[in-house]
Amino acid sequence: MNYLFLSFLSFFVGIIVGLTGVGGASLITPMLIFLFQVPPSIAVSSDVVAATLMKVIGGFKHWRQQTLDLQIVKWLAFGSVPGSLFGVGILHFIKSQENLNIDLILLRSIGVTILFITLGALAQLLILKFVPDLKFPSLPKFDLKTYLGRFQTVGVGAILGCIVGMTSVSSGSMFALVLIGFFQLDSRKLVGTDIAQAAILLLFTSLGHLSLGTVNWSLVIPIWLGSVPGVLVGAKLCKIVPQRPLRLVIYTLLVMVSWKLVLHA
């Protein structure tokens, strides 16, 4: 295992995350599996723990800048945290069954999750590029002042949290779509709210994955050393780098990666 090379690649993944908001787990988990031949169960758990520090630092920064919506973060967390722990519980169950291959199941789950999220984001990007005047029916807005709005928020958070707990993928990407679609959150608070809820979600998810015994700290630390400074660099570059062409390249790459994960399973 070349740990210096892992930090080097993690640095560039961090830059991509800082530039585009594309989830680091969607890139780092496949990277660990294919380039470094890490078993999927170890790759997922190690990536969850590694991503937590990055999200906590970013969430704290946005909290200090007051560029997030604390109410949305709170109610999403009420659903996503138990949802993620339920997802980890499913992994515990799979691991305890001798006739079930946890690595094979995770490979396919990760591949399908990345493929679904990436195709949705890619379609949105292409529609905005080539048919900017096309109007879609607006989704119902979740009103956190009502019991129904809170119930809907907790429910969506629980479903997405379960997916994150099992695969480590899209703690940011899926929730960003929810924030845009069901809360119509303005761009000033979108990124901060997304990162803050992901920080809380991953903090508890990490504890669950630590209980699985599949976290490899010799992977986590090099990823930290690369990805954290990379995110800071990417955040500075995002003001000058064209977003749409860069996102198109990354989404296309992720589609190919996810398809390889599904076929490999």
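1. On a 1 Å grid over the protein atoms alone, a cavity is a set of points where a 1.4 Å probe fits but cannot get out. A pocket is an open set with protein on both sides within 12 Å along at least five of seven lines, and lining residues have an atom within 4 Å of a point. Grid points are joined across faces, edges and corners, and a volume is the space filled by probe spheres set on the points.

2. This is a predicted model, in which local features need pLDDT of at least 70 and side-chain atom pairs count only at pLDDT 80 or more, while totals for chains, interfaces and linings use all residues. Residues are numbered from 1 along each chain as its sequence is written, and side-chain values use heavy atoms, with hydrogens and water left out.

3. The whole structure holds two cavities of 30 Å³ or more. The second largest cavity has a volume of about 30 Å³. Its lining consists of Ser41, Val44, Ser45, Leu91, Ile102, Leu106, His209, Leu212 and Thr214. Helices here are DSSP runs (H or I, at least four residues), numbered from the N terminus. Three of them, α3 (40-65), α5 (102-130) and α8 (187-212), each give at least two residues to this lining, and α3 has the largest share, with three residues. For residue classes, Ala, Val, Leu, Ile, Met, Phe, Trp, Tyr, Cys and Pro count as nonpolar, Asp, Glu, Lys and Arg as charged, and the others, Gly among them, as polar. By these classes the cavity lining has five nonpolar, four polar and no charged residues.

4. The second largest pocket has a volume of about 280 Å³. Of its 13 lining residues, Val13, Leu27, Met31, Leu253 and Val257 lie nearest the centre. Helices α1 (3-20), α2 (25-34) and α10 (243-264) each supply at least two lining residues. The lining of this pocket has 13 nonpolar residues, with no polar and no charged ones.

5. Helix α2 is mostly covered, with nine of its ten residues buried (under 20% relative accessible area; exposed is over 50%, partly exposed in between; 1.4 Å probe, protein chains only). Among the buried residues of α2 are Leu27 and Met31, which also lie nearest the centre of the second largest pocket.

6. Helices α2 and α3 cross at roughly 145°, and their axes come within 9 Å (axes are lines fitted to C-alpha atoms, for helices over the stretch in contact; angles run from 0 to 180 degrees between N-to-C directions). On the α2 side the contact (heavy atoms within 4.5 Å) is made by Ala25, Ile28, Thr29, Leu32 and Ile33, and on the α3 side by Pro40, Ala43, Val44 and Asp47. This contact has seven nonpolar, one polar and one charged residues.

7. Helix α4 (residues 70-96) packs against helix α6 (residues 147-167) at an angle of about 35°, with the axes 6 Å apart. The residues of this contact divide into eleven nonpolar, nine polar and one charged. Among the residues that meet are Gly79, Gly83 and Gly87 in α4 and Gly157, Gly161 and Gly165 in α6.

8. Most residues other than glycine have a negative phi. Gln37, in the loop between α2 and α3, has a positive phi near 55°. Gln37 counts as exposed because its relative accessibility is 60%. Gln184, in the loop between α7 (173-183) and α8, has a positive phi near 45°. Gln184 counts as partly exposed because its relative accessibility is 42%.
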